[in-house]
Amino acid sequence: MSASVIITGAGPAGLVLAGELRLAGIDVVVLERLSGRTAESRGIGLTIRTVETFAQRGLLRRFGDLQTSEQGHFGGVPLDLGVLEGAYRSAKTVPQSVTETVLEDWARELGADIRRGHEFRSYQEDGASVVVRVGTPDGERLLRADYLVGADGGRSSVRKAGGFDFPGTAATTELLLADVRGIEVTPRMTGELLSGGMVMSASLAGGIHRVIVGERGAPPRRRSGPPSFQEVADTWKRLTGDDISHAEPVWVSAFTDAARQVADYRRGRVLLTGDAAHIHLPAGGQGMNTSIQDSVNLGWKLAAVLRGTAPESLLDTYHTERHEVGRQLLANTAAQSQLILGGAEAQPLRDVLAELIRYEDVSRHLAAKVSGLAIRYDVGPGPNPLLGARMPHLELTVGGRPSSSTALLHAGRGVLLDLADNPHLRRRAARWRERVDIVTATPRGDAGTSLDGTTAVLIRPDGYVAWTGPGSHHDLPAALDRWFGPARRASRER
């Protein structure tokens, strides 16, 4: 066996998954066809949910001084993210290259085997394992693993090799993108609609500006490589009248409004995560952030199955939970596409949305959707509003020392948080102690007010609440059994 898990693709989704698996002690090989790290900025922001997730793994400090923002948009209509409660805010102008560097360093420190210059060719599943054919600098090799995960982007070779059904809508238009230096460009963070199309621009670090142009009626082109910068500059001039052709291009790319999602995130021992599972118009940078969340959802489940502490059926919840998130992602980006790329006929929609966003409930709903905070998983019935939602950041005292609900998740394990010093609760959970950290804590400051009478919380490794006391109709042992596998046998129940 070459590894328990082979991951194709060393982008954010693949690197996060590698780190999550290594936290649980699972041996993993990451195959990346590129020989070195890319310097391309690509995705340039982290949503609130991703910032929370990185905080839960102790990774935020590695990004340095993050520039946060409460400014967002939905389809070009300004949106105030400040209406959302919580300890974190979205991080702007963080190039994807920086995110990938942080994640790769983290995964390598944990022991992930990342092999650059290794290209996935094909695979064959034999029921007990997956055999992967790989092109390497030293020739073709065969690797064997218990599971194969495709994290190799929108043109996923794993998805194609496995014949995964990928329904959706084909591209109808193409947008061009360039990161440039040597000029000043007026910021158009939410986009500007012009008679001939749409333009966006934003300032990045290091004196670099990102420009995006979408010319109305421009059909998608079959390209063998990126567009020329001159093509971007010519389109920019036609739309705005400004000449940016004298700028120095740092990176040039093109993207479309194609929207597709795989019918199944898992087929036996082969799974897909990130853009390999869903593609869409990159409105608001949701694609990379959703991809990261896919892998955080998958990592602990795959690790538990491989360690033998949870049944293989736990992997079915990866598809159940994340396919629905992907479906909603495609729906909201399709709506934004109509607002951003539509012509004069879409202006009444923009006007109505701008009016509705003035209502705080509407603004909060849309802000939560584009920030990744609206996600709620089906963990079972009960009236407690925390059930299935993300665990809020709480300042705590644990063993006489300051801590937090976020810090308790650094190890990537489940946490049973006892907020009432309840020995009966701890005894009932004792047989799962090898898989779940049982922590007695006292809320600090005003942290207790957000709990609304909740005295105990079972938190999954991905930061979502699986059980509460009171307020869950499931018994605690039933919830522990469902998410962390059957308890080890004991001679007698204490």
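Before we start, the model is predicted, so local features need pLDDT of at least 70 and side-chain atom pairs count only at pLDDT 80 or more, while totals for chains, interfaces and linings use all residues. Residues are numbered from 1 along each chain as its sequence is written, and side-chain values use heavy atoms, with hydrogens and water left out.

Okay, the inside. By nonpolar core I mean a set of buried Ala, Val, Leu, Ile, Met, Phe, Trp, Tyr and Cys residues joined through side-chain atoms within 4.5 Å. Buried is under 20% relative accessible area, exposed is over 50%, and partly exposed is in between, with a 1.4 Å probe and protein chains only. The largest core here has 103 residues, and I7 and L458 have the most contacts inside it. Its largest share, nine residues, comes from helix α6, residues 286–306. Helices, by the way, are DSSP runs of H or I with at least four residues, strands are runs of E with at least two, and both are numbered from the N terminus.

So what does I7 touch? Leaving out residues up to four places away in sequence, the list includes G14, L17, A18, L21, V28, V149 and A151. Contact there means heavy atoms within 4.5 Å. There's also a second, separate core of 17 residues, with I183, V199, V232 and V252 among them.

On to the sheet. Five strands make an open, antiparallel sheet, in the order β14-β15-β16-β13-β17. Two strands pair if DSSP finds at least two bridges between them. Which strands stand at the edges? That's β14 (188–194) and β17 (248–256); each has a single partner strand, so one side of each is left without a neighbour in the sheet. On average, neighbouring strands are turned by 15° against each other, direction ignored. Those angles use lines fitted to C-alpha atoms, for helices over the stretch in contact, and run from 0 to 180 degrees between N-to-C directions.

Now look at β13, residues 174–181: eight bridges join it to β17, and the two run antiparallel. In that pair, R181 stands opposite E248 of β17.

G469 and P470 are joined by a cis peptide bond, omega about -10°, and P470 is in the loop between β28 (465–469) and α11 (476–484). D421 isn't a glycine, yet its phi is positive, near 50°; this residue lies in the loop between β24 (414–418) and α10 (423–429). D452 also has a positive phi, about 50°, and sits in the loop between β26 (442–443) and β27 (456–459). Is D452 buried or exposed? Exposed, because its relative accessibility is 67%.
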